[in-house]
Amino acid sequence: MNPVPSQPIPAATVESRRIRSPGSRPSGLPHPRLSLQRRAPRTLRRHLGRAALRLTVLVTADLAAFGLLRELYRLVGEREALGPGIGGAVQRLLPVGYLDGWQFAVALVIGLLVTRNYGAGDARRDPVRLLWGCTLATAMSLWAPLWQRGATVVAVQFLVTTGVAWLGLVAMRFALDYVDAHVVARTPASFRTLLVGPSEACKDLAARPAFAPRGEHAVLGYVDVKLPLTDGALGHVTDLAYLIQKHRVESVVICGHVPEEITRDVVDHAVTAGCHVFAVPPAFEVANVQPSVVWKRGQPVVELTAQTLKAQQFAVKRVMDVVGAVAGIVLLAPVLLLVALVIRLDSPGPVLFRQRRVGIGGRPFEILKFRTMTDGAEALKPALAPLSTSKDPRIFKMPDDPRVSRVGRFLRRWAIDELPQLWNVLRGEMSLVG
């Protein structure tokens, strides 16, 4: 990304732009802070206009997605789209008048508002956040039918409605982003942005996707915090008030190592001008950690957390694993017994295959699978080793392994051989996810 080239400024006016030398400005020129205050209302109006436009476009797109899903439901339910079989099933599960259009539309908008799906940045395209919004909307709409139709029917309707609405919204949001970036070319509507910090940090940040062309930020250039100025810099940080005025800046991003005193001045000038202020400290990028603000007795502290679960999250995850494993074993018991019988009839040997693995904390355990190979397959492995397609001698891979049984090929294709691992999950040796 190429910054706007710096233009030479007459030496007589340089001192008038210094943050720390207001007394040296020539008579007749307004104080830099006063100029920024005069500019603030225009900048704030632009911020408000963008927020209103974003809300209008997103709500319209969400209602359009809901309208398309309602039309799809009508076509399938009236047996026009997928035939009478599927149409009849849809009618039985989701009867006529199910989730009246305007009621669910209102609930959907409320749910998405509550879960902050209309905010700035990545919030509006976060699939997990959209899922929570759809879940809340469906729960609000199905509260009354819960007492009329029974918990089982409403539970199925809840899952189907939430899933379909979520898929529709996610598709619509990503379609909006594509149109925004490739068709509308939104650069004129992007925030006019200055980067403030060491030149290396500013150049690195300007090259990242968050500040790419046709995005939410149109980077005008960077403001150096060091002297002498680096080639390409718009000016020094002491020129910030002048640069905000000159380039009609609406957003200021502080990046890299910037001294606290300079940071205070940058924030003060940017806020006075009505600009949005962002900071990208280098510490946030250490070891792939994620920053979150924690307030301690009125003091904001940034907590840097890695991609690991906390104690209470592990407890919730364990409860979900136990519930899921028990439900899976109970519901799939007929399938498990049938597969075990077929394996026994297909070839001699045990039904289950056991292999030693290393689990959480380095603890070894025996993983369980349905046997998919003939009995004594390990003894044949040395003879087949030269035919392995893996470059790693520790891993044996063979496209048409003659040791795999007829039933085993089917079980592997559909991952049915993994089902006994529900017992490993129940024992705490594995997890349903991760």
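1. **Serine 251.** This is a predicted model. Serine 251 belongs to strand β4, which covers residues 251-255. Is serine 251 buried or exposed? It is buried, because its relative accessible area is 0% and the cut-off for buried is under 20%.

2. **The sheet.** Strand β4 is part of an open sheet of 5 strands. The order is β3-β2-β1-β4-β5, and the pairing is parallel. Strands β3 (235-236) and β5 (276-280) stand at the edges. Each has a single partner strand, so one side of each lacks a neighbour in the sheet.

3. Strand β2 spans residues 217-224 and is joined to β3 by 2 bridges. The two strands run parallel. Valine 223 stands opposite glycine 235 in β3.

4. **A helix across the sheet.** Helix α10 takes in residues 260-272. It lies across β1 (191-196), β4 and β5. Its direction is at about 170 degrees to β4.

5. **Helix α4 and a nonpolar patch.** Trp102, Val106, Ile110, Val114 and Met140 make a nonpolar surface patch of about 500 Å². Helix α4 gives the largest share, 4 residues. Valine 106 lies in this helix and is partly exposed, at 42% relative accessibility. Glutamine 103 also sits in α4, which runs over residues 101-114. Glutamine 103 is partly exposed too, with a relative accessible area of 45%.

6. **Salt bridges.** The count is 8. One of them joins arginine 354 and glutamate 366, with the closest N and O atoms 3.8 Å apart. This pair links strand β8 (residues 352-358) to strand β9 (residues 364-370), across 12 residues. Glutamate 366 is partly exposed, at 43%.

7. Glutamate 418 forms a salt bridge with lysine 369, and here the closest N and O atoms are 3.8 Å apart. Glutamate 418 is in the loop between α14 (406-413) and α15 (421-426), while lysine 369 is in β9, 49 residues away in the chain. Glutamate 418 is partly exposed, at 31%.

8. **Arginine 427.** Arginine 427 forms a salt bridge with glutamate 429, the closest N and O atoms lying 3.4 Å apart. Arginine 427 counts as exposed because its relative accessibility is 53%, and exposed means over 50%.

Methods. Residues numbered from 1 in each chain as written. Predicted model: local features only at pLDDT ≥ 70, side-chain atom pairs only at ≥ 80, totals over all residues. Heavy atoms only, no water. Buried < 20%, exposed > 50% of the residue type's maximum accessible area, 1.4 Å probe, protein only. Patch = residues over 30% accessible without salt bridge, like charges linked within 9 Å, V, L, I, M, F, W, Y side chains within 5 Å. Areas by Shrake-Rupley, 256 points an atom, 1.4 Å probe, with all protein chains shown as cover. Salt bridge = Lys/Arg side-chain N within 4 Å of Asp/Glu carboxyl O. Pairing = 2+ DSSP bridges. Contact = heavy atoms within 4.5 Å. Axes fitted to C-alpha atoms, helices over the stretch in contact; angles between N-to-C directions.
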